[in-house]
Each structure stands twice: as structure tokens, then as C-alpha cells.
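Work through the exercises below with the structure in view, and try each task before reading its solution.

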Amino acid sequence: MGNTGSGRINSELQATAASAQRKTTLLAVAAIVVIYIILSAITEWRFLTASNMLAILTSSIVPALVVLGFIFIFTSGIMDLSTGAMMILASNVGGILAVQLGLGYFGLIIGAVATAIGLELLNVKLILVTKIPAWIFGLGMTMVYEAIGALYNASMIAEGTQSVSIGDLYRELGAPPVNVIVIMICVVVAFLIYNRTNLGFGLRAVGSNSSVAKMMGINVSKTVLAASVVGAMFLGLASAVNMSFAGRVAPTTGLASISVIFTPLAAFLLAKAFDRIFNITVGAIICAFLLTSIFNVLTLLGVPSGTLQQVFMGAAVIICGILSQRKYKGVVQ
């Protein structure tokens with residue numbers, strides 16, 4: 001009788017929690033709709049149009065894919081800041097295989113994904129072995145990867161050309177409806193891996209407390225390496241989609257590649273803050289879309305796309321960081 005009563009109480013508590021979760025989600029969606037209507041009114045109704053919403057969605061897909069990668073890499077405690085430089089190299093390798101070797105979309109995708117996985121595995125393995133703080137190691141590897149890209153670009157210029165360009169070829173991957181299908185599939189895959197597999201359970205345990213996870217019998221190093229492979233797969237797909245969308249991704253120097261991850265980083269932090277409203281994997285596309293919308297509004301209002309929008313981006317990263325850590329007790333590293 002006692003077990004029956006306890007089971008009934010647990011069921012009622014779960015039902016109450018689920019109902020509260022649904023109400024919170026509906027309120028969040030309603031708030032977003034109201035905000036979008038207000039933003040549209042501010043921009044003289046140029047914002048909330050079908051064509052502009054499609055443009056925002058298209059621009060938010062690459063950041064959303066990067067956020068999916070961050071979910072698996074950063075959650076394990078590996079704050080790898082070299083991902084921007086890594087993605088630039090991956091885009092160029094994919095472009096070379098697609099155009100110069102004639103492998104088409106297969107070469108574009110496989111080249112970008114394989115490069116991202118290889119480089120991220122190298123990074124994570126060295127971080128685990130050397131025990132160097134991930135963000136410091138990432139900065140160092142950023143300069144290394146940027147130097148490799150610069151050498152490649154210099155060799156192309158010496159031959160009278162520039163870094164690989166796909167021109168008008170293989171552009172469908174970065175345009176609707178293909179890019180929308182890609183992000184939908186990736187969100188579903190990320191959701192299932194993160195929430196329904198042993199890897200996802202182990203990753204969340206390691207991210208919460210690696211020492212406790214180890215006592216639970218979880219192989220921390222193996223989990224971190226496996227998660228980095230999954231995360232790098234999404235980074236590679238983001239690189240391929242970005243190359244298809246832009247046509248050419250030029251290598252950079254002077255740590256400029258870090259700016260590539262600013263929007264995804266802010267979206268990742270915002271998704272963490274909203275994790276109790278939207279599952280973080282679903283929040284990847286929602287938060288990337290929200291942040292892209294903000295910069296779209298700034299453009300519609302005539303705010304210059306250079307310095308002032310960078311100020312807004314910096315503020316967005318800080319605010320999202322505060323929101324994501326608002327319930328954390330202790331020192332945030």
C-alpha cells in the first residue's frame with residue numbers, strides 16, 4: 001500500500017513538473033513572438049517579413065551547427081578557442097576536394113568533416129596529455145592553424161590565384177531548402193545522442209563533475225574524446241555549409257579567426273541559460289536565430305556593420321555568459 005501511494009505521489013509530481021514545463025515553454029514562445037512584433041514595428045515592418053525571416057534563418061544555420069559542436073566539446077570542460085581557425089582550414093580542405101579534385105559535394109562534406117575531426121582530436125588528446133588549460137592551448141593552436149592557412153594562401157598567391165573558391169558550383173548546400181533540412185537532421189541527431197545515449201549521459205556527468213563521474217565508473221578521457229569527435233562532426237558540417245554559402249573562406253591571421261565563433265559562443269551560452277525551457281540541442285537553432293535576428297534589426301536600423309555591431313556582439317557574449325552562470329555557485333573559470 002505504501003509503495004502504491006508513493007508511486008502515485010511521484011506520478012503526480014512528475015505530471016505537475018511537466019505541466020509547469022509546458023507553461024514555461026509556452027510563455028517563452030509567446031514572449032519571443034511579442035518581441036518580434038515590437039522589433040518589426042520599430043523597423044517599420046521590414047523585419048517580420050517572409051523574405052527577411054528566411055534570410056535570418058539561412059544566416060543562423062552555420063552558427064547553430066557550431067553551437068551543436070560546442071555542446072559536445074565545451075560541456076566536457078574543453079573550452080577550445082581554436083575552433084574558428086580549425087573551421088577555416090576545414091572549409092578550404094573541403095573546397096579543394098570538391099573543386100580541384102572534382103569530388104563535388106562528397107569531397108566538400110567529407111573533406112571538411114574529416115579535417116575538423118582530425119584537428120579537434122589532436123587538440124583534445126594533447127590537452128588531456130599535457131594538462132594545459134584548454135583555453136590557453138586553444139589560443140596557441142589558433143595561431144598554428146592560422147599560420148598553416150596563411151602559408152597555403154601565400155602559395156596560392158605565388159601561383160597567381162587565391163585560396164580555393166567554389167564559384168557558382170556546389171552552392172545548394174548553403175541555400176534553402178537544403179541547409180534547412182541539414183540543420184533539422186543535425187538537431188535531431190544531436191538531441192538523440194545528447195539525451196538518449198550512454199555517451200550523452202557520460203558527457204553530462206563529466207561536465208557536471210569529472211571526479212564524481214570517474215567514481216561512477218565513467219572513463220573520463222574516453223568520454224571526452226568521443227564527445228569531441230561528435231562535436232567536430234558538427235563543426236565540419238558547419239564548415240562545409242559555410243563554404244557552400246559563401247563560395248570562398250579566406251584564411252586569417254592575428255587571432256582574427258576567433259571572431260568566427262563569437263555568435264555561436266553567445267548562442268551556446270544563451271542556450272545553456274534557456275536549458276530548462278528548451279533542451280539545449282533544440283536551443284542551438286532557437287538561440288542562433290534570436291541572435292542573428294538582433295543583428296538583422298541593427299542592420300535595418302542603419303547601425304554600421306563594423307565597430308558598433310561588434311560592440312553589441314561583445315555585450316551579447318557577456319550578457320549570455322552571465323545568464324548561463326546565474327545559478328552557478330563558485331568560481332567560474
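**Exercise 1.** Find how much space lies in the largest cavity, and say which residues line the largest cavity.

*Solution.* About 30 Å³ of space lies in the largest cavity, where a cavity is a set of points on a 1 Å grid over the protein atoms alone at which a 1.4 Å probe fits but cannot get out, and lining residues have an atom within 4 Å of a point. The volume is the space filled by probe spheres set on the points, which are joined across faces, edges and corners. The lining consists of Ala85, Ile88, Leu89, Tyr145, Glu146, Pro251 and Thr252. Helix 3 (83–100) and helix 5 (134–158) each give two or more of these residues, and helix 3 has the largest share, with three. The model is predicted, so local features need pLDDT of at least 70 and side-chain atom pairs count only at pLDDT 80 or more, while totals for chains, interfaces and linings use all residues. Residues are numbered from 1 along each chain as its sequence is written, and side-chain values use heavy atoms, leaving out hydrogens and water.

**Exercise 2.** Which peptide bond is cis, and where is Pro177 found?

*Solution.* The bond from Pro176 to Pro177 is cis, with omega near 0°, and Pro177 is found in the loop between helix 5 and helix 6 (178–196). Most peptide bonds are trans.

Notes. On a 1 Å grid over the protein atoms alone, a cavity is a set of points where a 1.4 Å probe fits but cannot get out, and a pocket is an open set with protein on both sides within 12 Å along at least five of seven lines; lining residues have an atom within 4 Å of a point. Helices (H or I, at least four residues) and strands (E, at least two) are DSSP runs, numbered from the N terminus.
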